[in-house]
Amino acid sequence: MTDCLGDEAGDMTPMDLYEKLTSQGDTVRTLKTEKAAKADIDAAVQLLLKLKVDYKQVTGQDYKTGCPPSECAVSQDNGPAAAAADGEDMVDPWNVSTTNAKGVDYDKLIVRFGSSKIDQELVDRIERVSGQKAHRFLRRGIFFSHRDMHQVLDAYEKNKSFYLYTGRGPSSEALHVGHLIPFIFTKWLQDTFDIPLVIQLTDDEKYLWKDLSLEDCHRYTVENAKDIIACGFDINKTFIFSDLDYMGASPDFYRNVVKVQKHVTFNQVKGIFGFGDSDCIGKIAFPAIQAAPSFSNSFPQIFKGRKDVQCLIPCAIDQDPYFRMTRDVAPRIGYPKPALLHSTFFPALQGAQTKMSASEANSSIFLTDTPKQIKNKVTLKLFYCVISIIIPLIAVLYLCLQDYASGALLTGELKKRLIETLQPMITSHQERRKQVTEETVKQFMTPRPLNFNF
């Protein structure tokens, strides 16, 4: 058996070996807890030790609980800061930057994070399973990476549904156009698969990271909720919640936060997120709060206590470190791993070397901007970066770029077309937002059953 396993290990990826090791560790703990026969325990331990040897041969690293191979490489070099020092793109939940004028190298990011590329085969499969044409964000590579999307589709084909989880950190009164990307796509997923959605507003996170009062963070939460609701989400299938409100009102949610906290060490969060000795303890504890919505029993009012409903998280790839941690912890606390769909970043007005930020007014086009403000902010760099995102008809994109390349379309006309696309889009959003009352926000943010039966 051992020799066969050694041959098999040579064909396994580092992540396959890591997951097999983690599973075997769980098996050993279960056998000991249940006071199994000594021979059975000894055999399981011997297999565990052999797996550790195979793992080191394949990865060159010692196995560490809670530290998958892609994350171990980061933790050894002090996380995101080390990547930047080595000339890699800086990508973490709080900072995105690159020295490359063309922007972040997403192919390299896939390798570094250990995710999988969304290829044409997956796009075609989503169309077959859903019976709908794939969203343009999928067809154009705006959502470019995933974790376990095939597993979600496998289950869906067997009539096992799933739910969606996405979020927003409210650091300003208004969202910018970049924030619309995950919400537009999430709405498509909700409508296409007819599934419930939970949206986490991390006002606690912004209080910990920004120079903002708790009162301002919570006020921004309500204002941001209005922008999110204006995207057209179904009130009967959508629950929006503030961490500052829901944590204290839901014992089940808080229990899951504590479970995650128990299974992640300080060294692990330092390695994954780059925390330092001067960071407040609130930052160190926060990742467990962002992990908790990945587990269906965090929302007993929706899932009636079930803990086995699969979660799919559409988000920008800078949020992936949270969910690499979550996916490592999930099987150790008896929950399915969340699946993910990653999007690219919406570039800042200054160019593709960083992303739009709600905290930097000069880097963003906000959903509250007037037509005049939009006109003044549009740059040629912005056109190249975002035209494929915001213009629905790909033929328009091709015509614009072909005409510009041939000289038939001047720079001023190119900018004019982008302005003419952005202005009505944002004005339309503003009109929808005006229809969102305080009572509507309250309804979306009240814990309640949703119109869905699992």
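**A lysine, then the rest**

Guide: K283 counts as buried, at 14% relative accessibility. Note that the model is predicted.

Visitor: Where is K283 in the fold?

Guide: K283 sits in helix α16, which covers residues 281–291.

Visitor: What does the side chain of K283 pair with in a polar contact?

Guide: The side chain of D279, at 3.3 Å.

Visitor: And which residues does K283 touch, not counting those up to four places away in sequence?

Guide: K283 touches L208, W209 and F275.

Visitor: Let's zoom out. How many helices and strands does the protein have?

Guide: There are 23 helices and 11 strands.

Visitor: How much of the protein counts as buried?

Guide: Of its 454 residues, 52% count as buried. The accessible surface is about 20600 Å², and carbon and sulfur atoms account for 51% of that surface.

Visitor: What about contacts, how many join residues at least 24 apart?

Guide: 77%, taken among contacts between residues at least 6 apart in sequence.

Visitor: Salt bridges next. How many in the whole structure?

Guide: The search finds 22 salt bridges. One of them joins the side chains of R147 and D320, with 2.8 Å from N to O.

Visitor: Which elements do R147 and D320 belong to?

Guide: R147 is in strand β4 (residues 143–147) and D320 is in helix α18 (residues 320–329), so this pair ties together parts that lie 173 residues apart in sequence.

Visitor: Are R147 and D320 buried or exposed?

Guide: R147 and D320 are both buried.

Visitor: What does R219 form a salt bridge with?

Guide: With E173, where the closest N and O atoms are 2.5 Å apart. R219 belongs to helix α12 (residues 214–229), while E173 is in the loop between β5 (162–168) and α10 (180–193), so parts 46 residues apart in sequence are tied together by the pair.

Visitor: Which residues are joined with D227 and R433 into one network?

Guide: The network consists of E223, K226, D227, R433 and E438, joined by salt bridges that share partners.

Visitor: Why do such side chains pair at all?

Guide: Side chains of opposite charge can pair when their charged atoms come close.

Visitor: Change of topic. How many disulfides?

Guide: The count comes to zero.

Visitor: I was looking at C280 and C311. Are they buried or exposed?

Guide: C280 is partly exposed, with a relative accessible area of 34%. C311 is buried, because its relative accessible area is 1%, under the 20% cut-off.

Visitor: Back to the surface. Which residues form a nonpolar patch there?

Guide: Y207, L214 and L244 form one, and together they have about 240 Å² of accessible area.

Visitor: Where is L244 found?

Guide: L244 is part of helix α13, residues 243–249. L244 counts as partly exposed, at 36% relative accessibility.

Visitor: Now backbone angles. What is phi of D148?

Guide: Phi of D148 is near 65°, a positive value in a residue other than glycine.

Visitor: Why point that out?

Guide: Because most residues other than glycine have a negative phi.

Visitor: Where does D148 lie?

Guide: D148 is in the loop between β4 and α9 (149–157). D148 counts as partly exposed, with 25% relative accessibility.

Visitor: And phi of N159?

Guide: Phi of N159 is also positive and near 65°. N159 is in the loop between α9 and β5.

Visitor: Is N159 buried or exposed?

Guide: N159 is exposed, because its relative accessible area is 75%, over the 50% cut-off.

Terms used:
Residues are numbered from 1 along each chain as its sequence is written. This is a predicted model: local features need pLDDT of at least 70, side-chain atom pairs count only at pLDDT 80 or more; totals for chains, interfaces and linings use all residues. Side-chain values use heavy atoms; hydrogens and water are left out. Patches are made of residues with over 30% relative accessible area and no salt bridge: like charges are joined within 9 Å, nonpolar side chains (Val, Leu, Ile, Met, Phe, Trp, Tyr) within 5 Å. Accessible areas come from the Shrake-Rupley method with a 1.4 Å probe; for residues, only the protein chains shown count as cover. A salt bridge is a side-chain nitrogen of Lys or Arg within 4 Å of a carboxyl oxygen of Asp or Glu. Helices (H or I, at least four residues) and strands (E, at least two) are DSSP runs, numbered from the N terminus. Buried means under 20% relative accessible area, exposed over 50%, partly exposed in between (1.4 Å probe, protein chains only). A disulfide is a pair of cysteine sulfur atoms within 2.5 Å. Contact means heavy atoms within 4.5 Å. A polar contact is a pair of N or O atoms within 3.5 Å; within protein, one must be able to donate a hydrogen and the other to accept it, and residues adjacent in sequence count only if both atoms are side-chain atoms.
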